[in-house]
Amino acid sequence: MTRRGAASLNRSLAGFLAHEKPEKLLSLFAAKVRQCRGLRSVDVACALRVCRGSGKHWPLVPGIHAKAITCGIGGDRIVGNLLIDFYAKKGLVRRASQVFEELSARDNVSWVAMLSGYAQNDLGEEAVGLYHQMHRSGVAPTPYVLSSVLSACAKAELFEQGRLVHVQVYKQGFSSETVVGNALIALYLRFGSFSLAERVFWDMPCCDIVTFNTLISRHAQCGHGESALEVFGRMRLSGWKPDCVTIASLLAACASIGDLHKGKQLHSYLLKAGMSPDYIVEGSLLDLYVKCGHIDEALEIFSSGDRTNVVLWNLMLVAYGQITDLAKSFDLFCRMLAAGVRPNQFTYPCLLRTCTYTGEINLGEQIHSLSIKNGFESDMYVSGVLIDMYSKHGWLDKARRILEMLEAKDVVSWTSMIAGYVQHEFCKEALAMFKDMQLFGIWPDNIGLASAISACAGIKALRQGLQIHSRVYVSGYSADIPILNALTNLYARCGRSKEALSLFEAIEHKDNITWNGLVSGFAQSGLYEEALKVFIKMYQAGISYNVFTFVSSISASANLADIKQGKQIHARVIKTGHTSETEVANALVSLYGKCGSIEDAKVQFYEMSKKNDVSWNTIITSCSQHGCGLEALELFDQMKHEGLKPNDVTFIGVLAACSHVGLVEEGLSYFKSMSSVHGVQPRPDHYACVVDILGRAGQLDRARKFVEEMPISADAMVWRTLLSACRVHKNIEIGELAAKCLLELEPHDSAPYVLLSNAYAVTGKWAYRDQIRKVMKERGVRKEPGRSWIEVKNLVHAFFVGDRLHPLADQIYKYLAELNDRLEKIGYKQENHSLFHEKEKEQKDPTVFVHSEKLAVVFGLMSLPPSMPLRVIKNLRVCNDCHTWMKFTSEVMEREIVLRDVYRFHHFNNGNCSCGDFW
């Protein structure tokens with residue numbers, strides 16, 4: 001080609017670029033490429049600019065780049081800068097870096113292009129490293145270089161590096177540059193340093209709309225709605241008019257604080273200003289009305305919006321999910337598919353969350369299948385919501401499989417799985433998962449830490465809880481309310497009342513969860529009195545009670561057998577309208593059952609509007625403990641008739657009922673039906689119940705055979721039950737066998753020694769009894785002393801056998817002697833069987849043999865009005881003599897006596913006992 005022809009071609013290239021005729025320019029460029037001798041860097045630059053401006057021509061760039069290299073201009077600065085920018089924007093950072101390294105000379109544009117490329121592709125550390133390289137090369141940074149580096153630090157969360165660059169900004173004198181100020185504000189806002197961002201803002205001599213939009217947007221994202229609106233006020237005073245980005249951020253701010261009025265004002269401004277809302281503004285408007293609960297207005301905006309915008313469909317799905325209307329959600333989803341709108345990774349979670357709220361897990365499973373079909377099987381966001389749905393509803397195996405299939409697991413996925421385990425009381429599995437998460441390199445967030453602490457509380461793993469408590473401080477969550485609530489509950493459950501109260505007092509803004517965590521923690525750790533004290537303080541502090549408060553406080557009263565306190569709480573339940581809550585009603589049934597008021601327990605049970613399996617189990621167990629065995633079995637039949645499936649707890653009550661009324665064959669029949677009819681596998685407790693049924697009936701040989709033929713190894717409870725029956729029925733042979741097996745399992749438990757010693761005593765084998773006592777002494781085993789309690793005038797009085805420590809001891813023994821005289825006149829005769837032989841009796845004061853329950857009853861007779869029943873609690877099984885004595889006492893004194901021993905309740909009235917003399 002002639003020199004004149006080449007010049008003409010160059011002018012044509014420049015002309016086509018200026019008049020935006022890319023096809024003709026590229027055609028001429030191709031003609032020129034065919035003869036490499038006349039190809040200049042400016043020609044390549046023209047071609048690259050065309051490709052950058054038109055997305056359909058970008059595949060030509062690698063070819064143009066290759067031709068430039070062939071013609072020896074691949075390292076040209078102008079060409080290289082364009083290639084760096086192009087490759088970086090397409091995510092081809094490695095190619096961009098290669099071009100940058102091969103440049104023959106670099107200018108500020110080169111450095112800015114490469115720095116921006118790193119920043120845009122979230123390679124903050126590389127951007128900072130390149131900035132340092134630039135600084136060492138002696139190249140003075142420009143405002144755009146500093147802006148790019150600061151943006152890279154913000155995206156890569158390199159806060160300290162960003163602060164060092166801020167120092168360079170001051171040194172270079174660029175603090176007044178708007179583009180640099182905007183980048184600094186974005187950096188500090190990213191790290192939650194709103195005060196530093198505000199300081200930069202006030203120091204800026206000139207702000208633009210990006211400045212204000214950055215501040216407004218970040219405040220809105222962090223839920224600081226009022227602050228976002230305040231910045232908007234400053235923006236208007238500065239003379240800047242809001243654009244669509246501003247309006248979208250302000251609408252988000254109004255949505256975050258539920259300010260529908262200001263949101264509607266912004267909507268009006270949008271319409272009056274004639275601004276054409278883009279898809280972001282439409283989405284923000286719809287989000288505002290959805291979050292403020294105005295579904296009809298949201299539907300109007302949706303109907304008039306861009307029906308191809310998947311964001312609007314998703315927001316409308318959220319709207320219906322918010323009101324838990326699964327039918328409308330699913331109908332909308334079907335319409336979305338019919339309209340040809342392809343669901344994205346946010347569509348399926350909207351539907352799945354609604355399925356989670358409504359409990360429609362089968363439908364959720366179908367949506368799960370659809371998400372897999374559409375390619376979202378490995379999407380982290382969709383998988384996280386699926387794990388949450390399945391784990392919350394007990395499908396833990398399925399939830400875990402989804403987690404294990406994920407290649408990239410985030411903190412949300414792990415935390416959802418941990419929380420699911422904790423919710424369903426698989427605390428060991430939750431802690432194992434918490435450990436795996438950290439081994440995987442995921443640092444737990446506040447929700448994960450709170451769940452792990454709750455898991456420790458569930459199994460009273462104090463040591464592990466202390467370790468996680470240390471992690472809380474390291475992670476900077478020491479002021480997080482849910483974590484503090486979980487820690488308070490942990491220490492309370494583990495009986496560390498001092499630490500629990502210390503944490504509780506440190507919480508500035510206590511909510512219901514805080515109070516309930518302390519009440520339930522104390523109640524579950526056996527610190528019942530402390531639980532009730534907190535309950536009273538809660539009332540004094542003006543904190544409203546809820547279901548959890550009442551259940552915990554009623555349970556505490558029940559375990560203390562404090563019927564007076566329990567009735568006061570019951571009155572508050574009625575006053576606050578919680579009587580219809582099934583969990584509260586169940587706790588009340590248990591309260592009256594444990595406090596000896598079986599009739600009140602029945603009334604409470606029959607008044608329940610909704611009964612669950614816990615309700616039936618509680619009343620069945622209560623009736624069996626109170627000697628109403630036949631009634632307990634009738635209730636069991638009613639339970640089955642109501643369609644409720646009996647569980648392992650149900651059968652404990654049923655078998656105990658058979659035991660307490662001597663229904664041997666019926667009890668064995670119920671036991672066999674557990675697995676054969678109801679699909680419930682017997683636990684050691686159930687086997688112990690069967691041994692008790694046979695043992696109480698005196699069928700000890702049959703009981704021994706049953707134990708020997710058990711499909712599982714007999715535990716301590718089984719042998720202890722058999723040994724106790726041997727003591728009652730004076731069967732030394734089987735008793736010795738049971739004692740031997742029990743001692744092998746629990747060598748330091750006093751029960752086998754005491755029971756066998758008593759068995760020898762009642763059969764007159766004193767030498768054997770003495771030998772057992774000697775062995776106990778040598779092994780340091782101490783017998784739990786018999787003790788009885790009775791409440792009189794709000795004070796609980798405790799008595800031991802032969803107790804002389806009570807202030808009224810003399811009057812009590814005098815009253816007892818006079819009472820015994822009256823009882824003997826109507827036929828009472830003290831049992832001859834004694835645990836002491838004659839010589840021991842002669843050497844001791846007769847009063848030392850008086851059992852604690854007799855002393856408690858006598859004190860009650862002396863102190864309580866005749867109309868009030870005597871309620872006594874004993875920590876051991878009542879003996880035959882005391883049982884007979886109380887029957888006679890109830891007849892002579894015309895008083896009702898309710899005795900709760902370690903096994904059951906005895907109601908003595910008019911010379912009879914509710915147990916029918918079978919206990």
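Guide: Start with F605. At 0% relative accessibility, F605 counts as buried, where buried means under 20% relative accessible area, exposed means over 50%, and partly exposed lies in between (1.4 Å probe, protein chains only). Y606 has a relative accessible area of 44%, so Y606 is partly exposed. F605 and Y606 form an aromatic pair, with 5.2 Å centre to centre and 75° between the planes. That pair is edge-to-face.

The pairing rule is as follows. Rings of Phe, Tyr and Trp (its six-membered ring) pair if their centres lie within 6.5 Å. Planes under 30 degrees apart count as stacked, over 60 as edge-to-face, and the rest as tilted.

The model is predicted: local features need pLDDT of at least 70, side-chain atom pairs count only at pLDDT 80 or more, and totals for chains, interfaces and linings use all residues. Residues are numbered from 1 along each chain as its sequence is written, and side-chain values use heavy atoms, with hydrogens and water left out.

By the pairing rule, the count comes to 28 aromatic pairs. One of them joins Y348 and F376. Their ring centres are 5.5 Å apart and their planes are at 55°, so this pair is tilted. Y348 lies in helix α21 (residues 347-358). F376 lies in the loop between α22 (361-373) and α23 (380-392). The pair therefore ties together parts that are 28 residues apart in sequence. Helices here are DSSP runs (H or I, at least four residues), numbered from the N terminus.

Now the burial of this pair. Y348 has 0% relative accessibility, so Y348 counts as buried. F376 has 12% relative accessibility and also counts as buried.

A charge sits over a ring if NZ of Lys or CZ of Arg is within 6 Å of the ring centre and within 35 degrees of the ring normal. K510 lies over the face of F504, at 5.1 Å from the ring centre. R696 lies over the face of Y903, at 5.8 Å from the ring centre.

Note on methods:
Helix = DSSP H or I, 4+ residues; strand = E, 2+ residues; numbered from the N terminus.
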